[in-house]
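Hello,

Here is the structure I promised to pass on. Please open it first, then read the notes below.

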Amino acid sequence: MGFKWNLVNVYGAAHSRDKEEFLISFVQMLGSSVFPFVVGGDFNIIRRSKDRNKTKKLPKWSFFFNSIIEHWGLKELELSGRNFTWSNNQIDPLFVKLDRILVSPSWELKFPLVTVRTLVRGVSDHTALLMHTGIKPNVFNKPFRFELCWFTRDDLAAVVN
């Protein structure tokens, strides 16, 4: 395919005192990226009021985060499956969308059929996201075959690692 791009996994600052440093690092990463990119993970920042099931005033970090997204022309990929990606697991639970995937404009042009779906939440308080670029993988018609004689090779451990 010949298309080079970067995949960046994010774990954003959970505490307000560290969010400024996180956002500065985020901007530095965006500015240093040579290739189109996908940035995804737990940003620990909400973007909109609808990112929570309980009403609360948006923190200043939401404004800064949205400004960065707008400045760099990033697109947030829409989730299918559920609206929120985190829960505090209380009796009267708080649900929040903290996890997301952002893409650069040039990446989106290359993969216009991209989809993101949420997976079933297991033991974590976060929901995993599964991104599919929309490109069908190459299917090889020739099945893999294992030969027992391979065990007789002295260098098997070096070859199969």
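Phe111 is buried, at 3% relative accessibility, since buried means under 20%. This is a predicted model, so please read every value here as computed from it. Phe111 sits in the loop between α3 (105-110) and β8 (115-118). Its ring pairs with that of Trp5. The pair is edge-to-face, with 6.0 Å centre to centre and 65° between the planes. Trp5 lies in the segment before β1 (6-11), so the pair ties together parts that are 106 residues apart in sequence. Trp5 itself is partly exposed, with a relative accessible area of 30%.

The pair belongs to a wider group. Phe3, Trp5, Trp107 and Phe111 form one aromatic cluster. The count for the model comes to 12 aromatic pairs.

The C-alpha atoms of Phe3 and Phe35 are 9.1 Å apart in space, while the two residues are 32 apart in sequence. Phe35 is in the loop between α1 (16-32) and β2. Its relative accessibility is 35%, which counts as partly exposed.

Next, helix α2. It runs over residues 60-71, which makes 12 residues. At 1.5 Å a residue it should span 16 Å. Its end C-alpha atoms are 17 Å apart, which agrees.

Which residues of α2 are buried? They are Trp61, Ser62, Phe65, Ile68 and Ile69. Seen down the axis of α2, these buried residues fall within an arc of 130°, so they line one face of the helix. The face turned away from that buried side carries the exposed residues Lys60, Phe63, Glu70 and His71.

Now the largest pocket. Its volume is about 330 Å³. It is lined by 14 residues. Lys19, Asn44, Ile46, Arg52 and Pro59 lie nearest its centre. The lining divides into eight nonpolar, two polar and four charged residues.

Asn44 is in the loop between β2 (37-42) and α2. It is buried, with a relative accessible area of 15%. Most residues other than glycine have a negative phi.

Asn89 also has a positive phi, near 60°, and it too is a residue other than glycine. It is found in the loop between β5 (86-87) and β6 (95-96). Is Asn89 buried or partly exposed? Asn89 is partly exposed, with a relative accessible area of 48%.

Last, a glycine. Gly134 lies in the loop between β9 (129-132) and α4 (156-159). Its relative accessible area is 28%, so it is partly exposed. The C-alpha atoms of Gly134 and Leu113 are separated by 4.8 Å. Along the chain these two residues are 21 apart.

For a first pass on screen, I would take these stops:

- Trp5 and Phe111, the edge-to-face pair.
- The buried face of α2, including Trp61 and Phe65.
- The pocket, with Lys19 and Arg52 among the residues nearest its centre.
- Gly134 and Leu113, with 4.8 Å between their C-alpha atoms.

Best wishes

Definitions and conventions:
Residues numbered from 1 in each chain as written. Predicted model: local features only at pLDDT ≥ 70, side-chain atom pairs only at ≥ 80, totals over all residues. Heavy atoms only, no water. 1 Å grid on protein atoms, 1.4 Å probe; cavity = no way out; pocket = protein on both sides within 12 Å on 5 of 7 lines; lining within 4 Å. Points joined across faces, edges and corners; volume = space filled by probe spheres on them. Nonpolar A, V, L, I, M, F, W, Y, C, P; charged D, E, K, R; others polar. Phe/Tyr/Trp six-rings, centres within 6.5 Å; stacked < 30°, edge-to-face > 60°. Helix = DSSP H or I, 4+ residues; strand = E, 2+ residues; numbered from the N terminus. Buried < 20%, exposed > 50% of the residue type's maximum accessible area, 1.4 Å probe, protein only. Expected span 1.5 Å × (residues − 1). Arc of directions from axis to C-beta.
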